[in-house]
Structures are given as C-alpha cells and as structure tokens.
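Morning, everyone. Let's take a few minutes on how two chains meet. Have a look at the model first.

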Number of protein chains: 2
Amino acid sequence: MAPSAITPPHGVQQTSELTTAAVARKIAETAPELISNGVKTEMAPRPLDASKLKFTKTTSPMSVPQPGDPIIMTASQCTDHMITAVWKASTGWADPELRPYGNLSLAPTASVLHYATECFEGMKMYRGFDGKLRLFRPDANCKRMLVSSTRISLPAFDPAELEKLIKAMIAVDGPKWLPKPGTFLYLRPTMIGSGGALGVATPKEATLFVIATFMPPLDAPTGMRLLASTNGVRAWPGGFGYAKVGANYGPSLMANGEARARGYDQVLWLLNGTVTEAGASNFFVVWRSKEGKVQLVTAPLDGKIILDGVTRRSILQLARERLTSGQSGLESLEIVERNFTMDDLVDAAKDGRIIEAFAAGTAYFVCPVAAINYKDEDLDIPMARGNSGDYAHLVKSWLTNIMYGKEDHEWGVVVPEVEDK
Amino acid sequence: MAPSAITPPHGVQQTSELTTAAVARKIAETAPELISNGVKTEMAPRPLDASKLKFTKTTSPMSVPQPGDPIIMTASQCTDHMITAVWKASTGWADPELRPYGNLSLAPTASVLHYATECFEGMKMYRGFDGKLRLFRPDANCKRMLVSSTRISLPAFDPAELEKLIKAMIAVDGPKWLPKPGTFLYLRPTMIGSGGALGVATPKEATLFVIATFMPPLDAPTGMRLLASTNGVRAWPGGFGYAKVGANYGPSLMANGEARARGYDQVLWLLNGTVTEAGASNFFVVWRSKEGKVQLVTAPLDGKIILDGVTRRSILQLARERLTSGQSGLESLEIVERNFTMDDLVDAAKDGRIIEAFAAGTAYFVCPVAAINYKDEDLDIPMARGNSGDYAHLVKSWLTNIMYGKEDHEWGVVVPEVEDK
C-alpha cells in the first residue's frame, strides 16, 4: 500500500518525478472527494457511488460446476453476475450496475487493447466453517486498486465504494455459488480503458468490473521450484513494479513458460542480483544470519519494485505479533524488510543457514519453496515438515483460521448475504 | 528489427536468458514454417494463411468524414472493414476474415484485459500524387509485429502473410476512404490474447485484427518541446522496450500527461542519464562533436531498450546514402548509433555545438525539436529554417516523396485496389 497516493496533494506540486506529480493531479481531477482539504469545485465529476447500484438479475442462471468438473481448471467459469461501472472524463462515474455475467463489447480502437491501460486486484471470498461468507482485508485490496488505477492513467475513486460494490455482488452470488464451508472463489476487480481512440493518450473512458471465478488449486504439494532469472528483469526503479497493472504480467509470461519447460514452477525475479518476487508472489526466506539470529527476510517496499502484497503485509504483521518472543513454540524471529541478493541466498545455503523459504500471495497463498536454480545449480531449500517449513506452516494456519472464521479477527470481514426469493 | 527472432533456433537451446529461449520455443511451436531447417511434425498447427481470406462486405457502409469533421480529432473513425484472424493453441490459425468494422466481444476474463497480452504496429497508407495507393516498407512492420507478438507470449506467424492481409484490406477500403492525393490514413495491425482464463499463463487463444483510422495531425508547427524524465524510466535492460507491446505505452501516459500540463509536448525518456526515446518516437540529434565533426546521433538498438523504428531505420539509411559526402548541399554528416547522455546534450548546447534535433516515428513522422527541459532548465535547440532544422527538413522531404510516389523507390510499395461494383 502506498498511502501517499491518497495524501492530499495540496495543489499539484512541481516535483521532479513526473509520474508521482501526475498521480496527484489525477486524484485531484477524477476523485476530488478523496482530498479532504482540497478545493471542491461545482464542476467536480460524479464520484463512484455504490449506493446508486442498479440491480438487474439474470434470467438464465448458470449451473454450478461440481468438484472435479474440468471447467474449474480453466479459471474461466464465472458466477451469474458481475458488477460494472463506466467512467467518462466529461461526467465522472455513472451509476454502477449489478448485471448478468456476459461478454464485454469493445471497439477495436479501445485503449486497453493497445496501450495496456488496465489494472486489477486478486481477492478471494471464503465460506467459513461457521457458514458465514468472508473477505480477507478487502480494504487493502481496494486501496491498492486506487494506487494501480492512477498509476496506469485510469480514473481515481473512493476505495470504500469499490469495497461496497464487491460486497453487494458476493452477497447476491455467494449463497448459490459458494455453499460449502472451507471453500473459496476467486474475485477479480478490474479496470480498463474502454473508450475507442487510437492516440497514445490518457483514456477518456474507463470501465470498472468485478467478476468471481473458480480457480484451480495452485498448491505445489512437494514445494515450489524456482528458477532465478539472471538476465530478464521484471521491474526497474522508476518503473511500475509496485502497481498491479497488466504491464507487469504479460511481459513475464515467456520467462515463466520457459521455467516450466525446464521443470520449474515459477521464475525468481532478480534485479541486479537482488531478489524481488517469485513468479507473481512475494518471496520470503527464513535463515540464520551470520551473527546467529534467526530472521524472516523479504524485499522492502521502498524502491517501488515489488508488489505490496496483502498476504505479504499480513504475514509480516502476524510474525511481528506472534513469532518474535517465543510464544509459538518455534525459535523467535527477527523480522527484516531489506534488500538481499541471490549471492546472499547461495552463501546461506552453502553454510547450511537457510531454514526455509516460501512464496506468498492471494493466488498461491503461502507456498513453501523446495528449490531455487541459480546459474544452472539447484539450491535445495529445507522443509522441516517434509512438505513445508515450520514457520510457513504456522503462518498459513493462522491466516486460514482468520479467512474461514475459526479465529475471530478484524481481517476476516463477514459479508451479509441476500436470500434468494 | 531483430532478425534473430526468426533465425532457426536449432532446437530450443538452454540459454541463460529465459525470455530469448522462450521466444525461440514459441516460434518453433506456433509457426514451425518459419524455421527452414527445423523438424516439421505432422501435428504442426495451421499457419496464418492469407490465401484463405474470406470476404464479407458491409451492408451498411459508413460515410467518410470530410476535412474538419471533429470525429477526425478523436482517432476513432475507422473504415468500413477490418481484418480478423483467430488463433487457438490446439489448432493454429483459422481462416482470416475481411468483415464489416465493428466491436469485439470479449469475455471479462480475456487475457488481454488483465495481463496486457497485446502488441500492435503503426503504419500509414498513402494516396500518392500519381493516384496510386502505397504502403511504406510494410515488410518491416510485419516482421517487427512478429518480434512483438512472440515477446508478449502471443503466437508466431509468417510476416509475409500479415502483409498480404493488410494489402487485401486497403485494396477494398482504399478507393472510398482515401481518394485524395497527398493524404493518408493510419493502419493499426493488433494482436490480443482473447481467450477467457484468469490464470497468469500463456494465452491459449489470440485474435489478430487490422483496422484503418483517421488520425489528427500530430505536427508541432513551432517545434516539439520535450521534458526530460529524470526519475521515471520507460524501459530497462532485460525488459521489453524494443517490442511494440501495450506494456510500453500505458505506464508512460501519466508522465506524458504531466509533461503536457507543464507546457511540453512529450517526455524525453532517460535511462540512468542516457537518452533513449522522445515520447513514443525515436530521438535524433545533429551536433558538432568536440573534435569538430558534424554527426547525426541516435541511440543504438543493441541494448534492446528502444524501439527499432521503421522511420528511424529509414532515416539512418538515407542519411548514410545521401548525407555523408556533400551531395545534398549541406555539410556532410557522420552517422553514429551510440549511447549518449543528457549531460552530453547539455554540454553541446552550452558550447553552441547543437545544430538541430528531431523525433522520428510513424505517428509524428519527422518532427523538429525546439526545446528540451532538463532539471528545470530549458535548452533551446536551433532550427535553421525557423520551424525545422535543415537536415530534418531534407530527410522529411525525401521520405515524403517516397511515400507519395514522387520518388520511385523500393520502400514505396504500390497496392492494387479493388474496383467497387
């Protein structure tokens, strides 16, 4: 999360960083309501307003795939409904709609098809063991969506309104599509530059939509195998690695495919030797430092290179609360957000100081790492429990308990559902 | 152009650069016909085949906007027809179609909307002063489209087939939509990941389309004013700056908008101080070196940072042929493709050694640069003819003559047209 993105810009400052200045301008122009001490004009565009949501229920409901149905593997089976909201530069946000799931009709000149004016969020909705429907820290995803949309030249909006729209949709589709305790569906809020105009320019029209889909299991039962990229680079200082924009994903697919062809699960992305992300997840290592301290280490946010993962942030917070003073039965950890290099990992591995490593994100959740290939050599990463390290196992169980309502926690947000008539 | 992209991969080598290896694999798998000495299998997917083009003419022809019609400024008015061709991983390319221009219907889960699996080309069709319809070096654009599509995980194809499809479309729409000598329309071949599937994975379906549109004039009558980006970066080593993929454009829009808000036309993109591109165009400077040589200097291709512009390449070739031995009446140039820094430009400006500068690309053509702002200081760039330097003026006139048939040249490719019945 970059809270600075919704900090009052106090007018648009002439900072030397063009994109940062432009993001402040974007928020001032497209969502002046986010600037508490800004000057609101009479001509302010209409804000995104969930209270105006129009409901059009489907008249041809789809059938819910049963476990094992091959369509689940395609990650394309969505639920009966979707949310859409259209923004125009001239008028702001139109009333959002809940409507039957269906294709989008886009002009071949639409900005998103040419210039990657697109951003998204990855979330899950969970059916708790207590029968309740929950989201996990939806406020964090909605705030990050604002960071991403303004970075990619799409309009600003109040994240709280997006959160209300997401809840409205799953309130309708939750009862039918996610009845079974202990299961989840994947949610995908997305925004695209939908106006037709071929000039390389800020989109004058955008469409926000929210869909829910079945997602195949992304576990790596024997641990994730990573292939370090020694030449290809995912993100760069002054770029956009911190934003969840399409431009971070498409360009990484070739290297990811090559990693799979060589027998690995994901690319471990390096930047000048520094470890950044694992595939599209954050990367954590637990090691014993040369000074003998047991540390949980992950890349920092301050270079704006890596995604500010909600799972990453939650793991760091839980580890700080529960793993730093021996309460867990495991050796206490020092929690460290800092840059570290692949050479640091190799040294630690050669010294036998690596305790475990894992990738963390919404899609892969907390996924133990079994091996990292670097310069044609496999580093074996210990997994104390056979298929996971102890710390990853513990953190994963805590998060699971919050998501499915076994632990009452402010991060597990219960969503009231709509009874079908 | 990176001819290496269509060089036989001799099997897929285990090179350390994952993306390069993956591109070779992609070509082997999706367009084995491009590998002259590769092993063709019985199961090879169907290649893109322009000879199979199906024609479905429009039954509701649109009216052609007249000069001054405001729709021209929107860059969204297309011609009556478009080309589409759908590729599937399982079967290869279906028969391409020429069909009435209209919206695309895409699943909300389509890869292009989330992961920027998209690439395009920018070309123009010219109505010559001799009445003939021409393209400018279409083979170069079609080959670059292959470089881009494989970089972004979309399928390979024979560039010659794409060129035939483009010609087939403009043969139909040229007579009605581009009747007036000395005018042009903009052409946009595009490929998108069109299959619906939310996993971060190589698209299993893609759609190639070609549209033609009116484009407002992009001249800067008093010269282009550039604002150097001291922090933000367009592209980086190990990235994808050389490919014409959407992911290079959307992320640049915020900085470009900020430049406009500050009274400049485009961003001059730097990478660690090195000058790379001007907006979405290549950048050239003519200066007198410290040793007294008059040089035409532009950034090199070998770092894969900048786009291999067709206009850039053409200017370099014409300059080598016509400006290196005094034939033109102007002082002879030394042609230099090398890295140079913003500090080099500042030094040259302070010494009075800059002769002129210009941006070059299909959209902006050859556009003289009047000023560059760097660290809050404007460098004035000379324009010997008032609104252009001498070299830019001469090169632009040569290119114009080739495009509009005043000079018979192999780069100006005449397209036979279809008589309307």
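How many residues does the contact take from chain A and from chain B? It takes 80 residues from chain A and 80 residues from chain B, where contact means heavy atoms within 4.5 Å.

Quick ground rules. This is a predicted model: local features need pLDDT of at least 70, side-chain atom pairs count only at pLDDT 80 or more, and totals for chains, interfaces and linings use all residues. Residues are numbered from 1 along each chain as its sequence is written, chains are lettered from A and ligands numbered from 1 in the order in which they are written, and side-chain values use heavy atoms, with hydrogens and water left out.

Now the area. Chain A and chain B bury about 6,400 Å² between them, 61% of it on carbon and sulfur atoms. Buried area is the accessible area (1.4 Å probe) that two parts lose on being put together, summed over both. On the chain A side, A:Leu18, A:Trp236 and A:Met254 lose the most, together 12% of what that side buries.

Next, charges. The rule finds two salt bridges across the interface. That rule asks for a side-chain nitrogen of Lys or Arg within 4 Å of a carboxyl oxygen of Asp or Glu. One of the two joins A:Arg25 to B:Glu258, at 3.2 Å, N to O. Helix H1 of chain A, residues 18-30, gives the most to the side that touches chain B: seven residues. Helices here are DSSP runs of H or I, at least four residues; strands are E runs of at least two, and both are numbered from the N terminus.

Strands meet too. Strand E5 (residues 104-106) of chain A runs antiparallel to strand E5 (residues 104-106) of chain B, and three bridges join them. Strands pair if DSSP finds at least two bridges between them. Within this pairing, A:Leu106 stands opposite B:Leu104.

That's the interface. Questions, please.
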